[in-house]
Amino acid sequence: MNELLVIGHPEVMAERQRWLASLTQERRLSAKTVEAYERDTRQFLTFLTGHLAGPPRLADIRTLRPADLRGFLAQRRKHGAGARTLGRGLAGLRSFLRYLERNGLANAAGAQAVRSPKQPKSLPKSLTDREALKVVTSDAQLAEEPWIAARNAAVLTLLYGCGLRISEALALTPNDFAGASSSLRVNGKGSKTRLVPLIAAATDAVATYIRICPYSLAASAPLFRGARGATLQPAIIQREMQKLRAALGLPDSATPHALRHSFATHLLAGGGDLRTIQELLGHASLSTTQVYTGVDSARLLEIYDRAHPRA
């Protein structure tokens with residue numbers, strides 16, 4: 001990569017070229033990542049050239065202080081760089097300095113001492129109600145074994161119909177569905193227990209799975225089983241969802257977790273209030289739900305079975 005300006009001593013630039021080459025050849029990073037790291041280190045060396053009043057040498061890189069790196073990040077922020085850009089830039093600099101350190105040419109401790117900028121919480125993309133309904137139907141499942149197709153439909157219906165985390169769904173037992181209860185007791189994060197409405201679609205999907213599952217399901221043992229009878233692992237459901245995405249033409253954002261997010265956003269669209277949805281999701285604070293759903297706390301009311309598309 002040709003430099004338009006002298007931004008570093010030839011010894012620094014030569015090592016930088018070797019490092020960039022190693023990212024592609026040895027670490028097999030994508031071309032876009034390597035391009036971003038090239039740009040980030042170029043900007044940093046340009047900053048150092050002004051900071052030191054001359055192109056930096058390896059000796060200058062070796063004596064970098066956390067304050068130098070913070071100064072660079074402050075300058076980038078001043079010119080409009082956001083937290084994600086700054087975080088990626090710092091990651092590139094750390095990689096370069098670690099490379100130099102492995103070759104006995106620098107010390108990477110200064111970069112490690114600088115805290116990455118706090119990243120904004122990103123929102124998972126929800127599916128449309130039509131997409132979500134497609135995914136959770138038994139007819140949409142791709143497994144050849146009918147009981148496995150029923151199992152997948154039941155798990156996905158619990159994620160969308162009850163807003164469960166995948167770990168919560170896979171921890172359920174037959175006891176949790178005993179009787180004719182209209183609610184489900186869920187053990188969530190931090191050993192916190194919550195009640196969520198158990199809609200008919202979820203009850204029916206689980207009942208179908210239990211009826212045709214070839215394994216004996218002990219009342220207090222995990223309900224959902226893998227193909228050989230062991231406890232079902234999240235990775236299997238994630239792979240099944242990946243297959244469904246391809247078959248149904250859904251975006252990459254259509255994941256098991258996106259079904260939980262869809263549960264929340266569709267309730268809100270139907271008029272559900274944020275405080276109730278906080279309880280249904282098992283969030284400790286209302287602010288978590290606000291970020292998770294991407295809505296304002298002023299949105300109000302309506303009862304669950306009138307708001308959810310599957311009720």
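I began with burial: 45% of the 311 residues of the chain count as buried, where buried means under 20% relative accessible area, exposed over 50% and partly exposed in between, with a 1.4 Å probe and protein chains only. The model is predicted, so I kept its limits in mind: local features need pLDDT of at least 70, side-chain atom pairs count only at pLDDT 80 or more, and totals for chains, interfaces and linings use all residues. Residues are numbered from 1 along each chain as its sequence is written, and side-chain values use heavy atoms, with hydrogens and water left out.

**Secondary structure and contacts.** I noted 15 helices and 2 strands in the chain; these are DSSP runs numbered from the N terminus, helices being H or I with at least four residues and strands E with at least two. I then looked up contacts, meaning heavy atoms within 4.5 Å. Among those between residues at least 6 apart in sequence, 64% join residues at least 24 apart.

**Cores.** I looked next at nonpolar cores, each a set of buried Ala, Val, Leu, Ile, Met, Phe, Trp, Tyr and Cys residues joined through side-chain atoms within 4.5 Å. The largest has 48 residues, of which Leu-158, Leu-164 and Phe-224 touch the most other members. Elements that give two or more residues to this core include helix H7 (129-136), helix H9 (166-170), strand E1 (183-187) and helix H11 (234-248). H8 gives the most, with 10 residues. A second, separate core of 30 residues includes Val-34, Phe-44, Leu-58 and Leu-105.

**Second largest pocket.** I took a pocket as an open set of points on a 1 Å grid over the protein atoms alone, with protein on both sides within 12 Å along at least five of seven lines; a cavity is a set where a 1.4 Å probe fits but cannot get out, and lining residues have an atom within 4 Å of a point. Grid points are joined across faces, edges and corners, and a volume is the space filled by probe spheres set on the points. The second largest pocket has a volume of about 160 Å³. Of its 13 lining residues, Val-136, Thr-137, Ser-138, Ala-153 and Ala-205 are the closest to its centre. Helix H8 (146-162) and helix H10 (200-212) are the elements that give two or more residues to the lining, and H8 has the largest share, 6 residues.

**Cavity.** I found 1 cavity of 30 Å³ or more, with about 50 Å³ of space in the largest cavity. Its lining includes Asp-40, Phe-72, Arg-76 and Arg-88. Helix H2 (31-52), helix H4 (66-78) and helix H5 (83-102) are the elements that give two or more residues to that lining; H5 gives the most, with 4 residues.

**Two single residues.** I checked Glu-240, in helix H11, and noted that it is buried, with a relative accessible area of 12%. The side chain of Glu-240 makes a polar contact with the side chain of Asn-152 (3.4 Å); a polar contact is a pair of N or O atoms within 3.5 Å, where within protein one must be able to donate a hydrogen and the other to accept it, and residues adjacent in sequence count only if both atoms are side-chain atoms. Ala-53 lies in the loop between H2 and helix H3 (58-62). Ala-53 has a positive phi of about 65° although it is not a glycine, and Ala-53 is exposed, with a relative accessible area of 74%.
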